[in-house]
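Please read these points with the coordinates open.

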Amino acid sequence: MAKKIQPTKIPMREQPAKERIRNYAEVPYGYSEKEAMQEASRCLQCKRPTCIQGCPVEIDIPGFIDFIAKGDFQAAIDRLKEKNILPAVCGRVCPQEDQCEKVCVLTKKYEPVAIGRLERFAADWERAQGSMSVPKIPSQTGKKVAIIGSGPGGLTVAGDLIKLGHAVTMFEALHEPGGVLVYGIPEFRLPKAIVYREVDYLIECGVKLVLDFVVGKTATIDQLLESYDVVYIGTGAGLPWFMNIPGENLNGVYSANEYLTRANLMKAYLFPEYDTPIVRGKSVAVIGGGNVAMDCARTALRLGAEQVHIVYRRSHKEMPARLEEIHHAEGEGIIFDILTLPIKYIGDKKSWVKEMECIKMELGEPDASGRRRPVPIDGSNFVTPVDTVVCAIGQSPNPLIPQTTPDLKVGKWGNIEADPETGKTSKPRCWAGGDVVRGGATVILAMGDGRVAARSMHEYLMTGKW
Amino acid sequence: MYKVIERKQIVPNIHLLVVETEHIHKNAHAGEFVVVRADEKGERIPLNLVDWDERSVSMVFMEVGTSTSKLAALKPGDEIATLAGPLGKPTEKSEGKKIVCIGGCYGIGALNPVLRMFKANKNHVTTIIEARSDFLLYWRERLKEHSDELYEITRDGTRGVRGHINDFLVEHLKKSKVDLVYVQGCTYLTYLASETTRPFGIKTIVGLNPIMVDATGMCGVCRVTINGETKFGCVDGPEFDGHQVDWDNLLSRRKIYIREEVYSLSFYECERYG
Ligand SMILES: Cc1cc2nc3c(=O)[nH]c(=O)nc-3n(C[C@H](O)[C@H](O)[C@H](O)COP(=O)(O)OP(=O)(O)OC[C@H]3O[C@@H](n4cnc5c(N)ncnc54)[C@H](O)[C@@H]3O)c2cc1C
Ligand SMILES: Cc1cc2nc3c(=O)[nH]c(=O)nc-3n(C[C@H](O)[C@H](O)[C@H](O)COP(=O)(O)OP(=O)(O)OC[C@H]3O[C@@H](n4cnc5c(N)ncnc54)[C@H](O)[C@@H]3O)c2cc1C
Ligand code: SF4
Ligand code: FES
């Protein structure tokens, strides 16, 4: 190799663990201009960049990184935004180690280029420059689009279709837009101001946002289709799973959705200034090993817990959470009880959870997901004291829309069926994508689905061909 | 933001709230509710729909904690931060049945659309409203319009029949053939009524009021145990068969935040009155 390469990523400065577990501010500070340019110069500018294949929306990665290396940050962000309208979000929450960074050629010998951190840098740089310029929008087509759900998928469709001159209305059930980015992912990982800025930008472009509108109840899809030409369903996977084990309805046992919604959307961490309360447990067990579980565990710590355990039935290696989240959680002192499965919660006289019974597991043969299946070890049961339990074992799509839209085909888990090439559902004039189709997936996949559907929706609106 | 058209105290601690909205009336049915949030820092709380038209919805609420105190302080022209609905499953329809409908505290108001629906479907409707004392009973004339007969019960005997709902109900069920009992009000009332009808084997539908947040099936805080199975109050209910409800579980789950609720109310009152 001609160029001498620094083997490791330029580290990103962050709040020290001792301080950050007592506040809600974002943990990493992001790169400075100098650090970003240094990291960008680690990129080899491959002729056949493998990283692009690792990116679900095929960002021109060496392209934007090259602009950063040269100090042309505006050009870098413009290049990013050709493919990704939410780079400030994705730079923070994408599982880069399973996507672009996993296949970066540097990984053969060294750490990959810190593509995520560079993406975040470019987006934050743009934000620091002040307001975004609103693009000139082509003359109105006279077509009306209804988007249901304002998560990353819905926002992507809205952005694409408003720029093509359609009239776009986005319906959201909750009182804030942003989907999981706002009600689920905590402030210390993704500052809400970033999401609201993107939403405000869409509103400035002309997107109409209707909050407090629960499609399936306030109006059905069929009722919307009376006044809109097309509908995009991006309602996510909001139905929390429980394990159906004894004691799950005791006081102090939460679903991750409830715990995070109280903390984030309702700002219970600011109680009593905000009215919504949350149990501030001292000894908290979070069940699960994904991003959701990490977010719950770290939230519990910030709410004042003395001991927080992640209880996960497989081993470290199988944890689906982003590497960075696991590192941050470990750094903050969260205890990982791996190969452990709760089988029962035990309550006190007032029906508050006080203990949980678990069983130890070992890894057996690989299952359908390719991961080794955890099997209980007979007689390994043990009981441990807890005062709060958060169940973060997964979620599936909310049935409200399928129940009120009989001609919409759904799969076994209640997920809406959509053609991966176009996003079309079984119901004419209806498209769907993101978590409502895939089950709990990722931000970037929801955005990718939105982009695919927007293209197909535009085609339909212009030609009338389904 | 949603404009308040009217807010008035009907009887001590119980208020009528009318809020402007064009969205909700189109799909509204008896037995459904809305979620309201008084201001940007407020909690999302569920309230039954008591009436609706093209430009507004009405609720009746009892002032108990911070959220309802905030609502009780509203004046016409003020705005509330959230109003979403209609939510929940509508009351199951029946036709040509003999139905006894019971309401207490805010549940008296909540009976209004249900009686109207039952009556429109040619049922024979006997309405019973109850309160501690005469000065806490309201909407007698309004409910009578949709009832074949209406009884009032007060614990101190200052109006109507003196005593408790269970004594009156037992006497009534002994005398008349009843197909269905429907109850709206606090958990104690719904529980008491269900236990009273159980020996008679008469189907009893109760409106439950578990704690809620989103009220769209997203968080699961509203879970109730019905016939041994976990259901979400906001989307599977809020009305259930009273004979299948695990009352202990409901009562204890309603108390999860008691400490915080008391603290929150004193915090709010301090801020408001100094
Ligand atoms: C705690 C948590 C942490 C996560 N961390 C990561 C991460 O680090 N990286 C990553 O890539 N992914 C992460 N994910 C997953 C990611 O957030 C989702 O895959 C993504 O948000 C899906 O986007 P979406 O647009 O499909 O739906 P959502 O973001 O779920 O948005 C759906 C929206 O639709 C609304 N809605 C639902 N029903 C209705 C209705 N009937 N009418 C109107 N509106 C409705 C909802 O209120 C919501 O606002 C995380 C998820 C959670 C819960
Ligand atoms: C589906 C549904 C429909 C409802 N409809 C109505 C309605 O039409 N009108 C109405 O007034 N309420 C209704 N409720 C109850 C209402 O949501 C609560 O009273 C409200 O959330 C109280 O909020 P708060 O902040 O004022 O009081 P909190 O601070 O939450 O509670 C203060 C104290 O009052 C107690 N408390 C709360 N609610 C009640 C109650 N209903 N009866 C007795 N004690 C209570 C609490 O346990 C606590 O000790 C309904 C609840 C549900 C689930
Ligand atoms: S694979 Fe790695 S080194 Fe090659 S272009 Fe992509 S980021 Fe740069
Ligand atoms: S209130 Fe959240 S699921 Fe019912």
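1. A contact here means heavy atoms within 4.5 Å. Among contacts in chain B between residues at least 6 apart in sequence, 65% join residues at least 24 apart.

2. On provenance and conventions: this is a predicted model, in which local features need pLDDT of at least 70 and side-chain atom pairs count only at pLDDT 80 or more, while totals for chains, interfaces and linings use all residues. Residues are numbered from 1 along each chain as its sequence is written, chains are lettered from A and ligands numbered from 1 in the order in which they are written, and side-chain values use heavy atoms, with hydrogens and water left out.

3. Confidence: the model scores ipTM 0.93 and pTM 0.93. For chain B the mean pLDDT (the predictor's confidence in each residue, from 0 to 100) is 94, and 100% of the residues reach 70 or more.

4. Fold content and dimensions: chain B contains eight helices and 17 strands. These are DSSP runs numbered from the N terminus, helices being H or I of at least four residues and strands E of at least two. The C-alpha trace of chain B spans about 55 × 40 × 40 Å along its principal axes.

5. Burial: 59% of the 274 residues of chain B count as buried. Buried means under 20% relative accessible area, exposed over 50%, and partly exposed in between, with a 1.4 Å probe and protein chains only.

6. In chain A, a cis bond joins A:F271 and A:P272 with omega about 10°; A:P272 lies in the loop between α13 (256-265) and β7 (283-287).

7. Positive phi: A:N244 is not a glycine, yet its phi is about 55°. This residue is in the loop between β5 (239-240) and β6 (253-255) of chain A, and A:N244 counts as exposed because its relative accessibility is 67%. A:L339, also a residue other than glycine, has a positive phi near 50° and is found in the loop between β9 (335-337) and β10 (340-347) of chain A.
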